[in-house]
Amino acid sequence: MFKEIPPFTKQEIVDVAFKKASRKGKNDLEKVTMAADTIASMLEKIIKRYPSFQHLDTFQRELIDILVGEDAVRHNLGALQWALNTIQKIKREYLSKMRKNRDLRLQLLQQCYARYVSVLDQVEENLIFLIEVRSKLVSLPSVNPDSFTVVLAGLPNVGKTSLLKELTGSEPEIQAYPFTTQGINIGHMEYHHTDIQVVDTPGLLDRPLSRRNWIERQAISALTNVADLIVYIFDVSETCGYSVNQQERLLEEIRGMGIPLIVVNNKCDLGESTYSNISTETHKGVDELREEIEQHFLAHAKKIRTTLTE
Ligand SMILES: Nc1nc2c(ncn2[C@@H]2O[C@H](COP(=O)(O)OP(=O)(O)O)[C@@H](O)[C@H]2O)c(=O)[nH]1
Ligand SMILES: [Mg+2]
């Protein structure tokens, strides 16, 4: 959807518009008209192809707001709309001048072109900003807002990615998440033909929140807003490189988010704990975990049905 936004720079617009006018405009009046209309239609394409925020799902909308700010996008699109209107006004002004002063037509044409360029100069920065926004939007992950969403959490190397593969039986689809270098991994579990989305978030729910900057906190908040269930993974064998104590502290933070939570101990082939024990290596406990997730899904689906029939 965001790919359809044309990444026009000021120079491109100038080149295309004047080339077209000089090739196709049969006289100076036509050239003034053609250049203006080409500029206007290129600006309009950018404005129109930006999706309106109300039509985006809340996850994407939140990400855009964190990344670039909804107001900033609106403001920059507004500048393009101003340029479009101003160019059309200049066009009408010069067409009328040219009709009155036949002898000065060539001079007026040059003056008019210079004014078009000067308007575009004034929105050059806005065009650059919008191209940057576009490139960020194109790489946004698409989490289906209608699916039940399970988010995996736990310190690095406890086995989140391994568990995602176990639960969803496939290589996860890695999508860019602009707040981490590693992206997020998304897999799908099916339950009676209904999609359950499992999301692994390297670099996000694997470190204490207290050490996060504002942007990262926002990114985590966007993610936890779509989470219907969190599976927190422990590694009491500590082969992940973190102590049980550190893992308990992160668990407490995640518990504080108030999202339904399942806690498991992975790598039980190396060490068992009082939490439900699983091992992605020996597959122990994985089916039971899948069933527990399905129970949460059913309870959630039931809740949705009761709210719908209320
Ligand atoms: N012994 C053992 N090793 C595991 C198990 N699950 C994962 N690992 C290993 O732990 C390491 C980290 O796993 P990974 O899934 O990448 O962890 P993540 O960083 O939380 O995504 C890898 O070397 C895995 O092979 C398990 O159940 N038992
Ligand atoms: Mg991983």
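Me: What makes H192 stand out in the hairpin of β3 and β4?

Reply: This is a predicted model. In it, H192 takes a positive phi near 45°. The hairpin has 2 residues between its strands.

Me: How do you know that strand β3 and strand β4 pair?

Reply: Pairing needs at least two bridges between the strands. Strand β3 (residues 184-191) and strand β4 (residues 194-200) are joined by 7 bridges. So they count as paired. They run antiparallel. Take H188 as an example: its bridge partner in β4 is Q197.

Me: Which residues of helix α7 are called buried, and what makes them so?

Reply: They are K160, L163, L164, E166, L167 and T168, in helix α7 (residues 160-168). The label requires 20 or more other C-beta atoms within 10 Å of a residue's own. Each of these six is classed as buried, so each meets that cut-off.

Me: What do they pack against?

Reply: The buried residues of α7 pack against β1 (148-153), β3, β4, β5 (229-234) and α10 (286-309). Just after α7 comes G169, with a positive phi of about 65°.

Me: Which residues does L152 touch away from its own stretch of sequence, and what makes them contacts?

Reply: Leave aside neighbours within four places in sequence. L152 is then in contact with K160, L163, L164, V198, V199, D200, V231 and I233. A contact means C-beta atoms within 7 Å, so each of these residues lies within that distance of L152 by this count.

Me: Where does L152 stand in the largest nonpolar core?

Reply: That core has 71 residues. A35, V151 and L152 touch the most other members. Helix α2 (residues 28-49) gives the most to this core, with 7 residues.

Me: How far apart are the centres of the two domains, and how many residues are in contact?

Reply: The centres, taken over C-alpha atoms, are 46 Å apart. Across the boundary, 7 residues of domain 1 are in contact with 7 residues of domain 2. On the domain 1 side, helix α3 (residues 58-67) gives the largest share, 6 residues. That side divides into 4 nonpolar, 1 polar and 2 charged residues.

Me: Which residues are closest to ligand 1?

Reply: G159, K160, T161, S162 and E281 are the closest of the 15 residues that surround ligand 1. The shell divides into 3 nonpolar, 8 polar and 4 charged residues.

Methods. Residues numbered from 1 in each chain as written. Chains lettered and ligands numbered in written order. Predicted model: local features only at pLDDT ≥ 70, side-chain atom pairs only at ≥ 80, totals over all residues. Near = placed C-beta within 6 Å. Nonpolar A, V, L, I, M, F, W, Y, C, P; charged D, E, K, R; others polar. Domains from an automatic or database assignment. Helix = DSSP H or I, 4+ residues; strand = E, 2+ residues; numbered from the N terminus. Core = buried A, V, L, I, M, F, W, Y, C linked by C-beta atoms within 7 Å. Buried ≥ 20, exposed ≤ 12 C-beta atoms within 10 Å, placed from the backbone.
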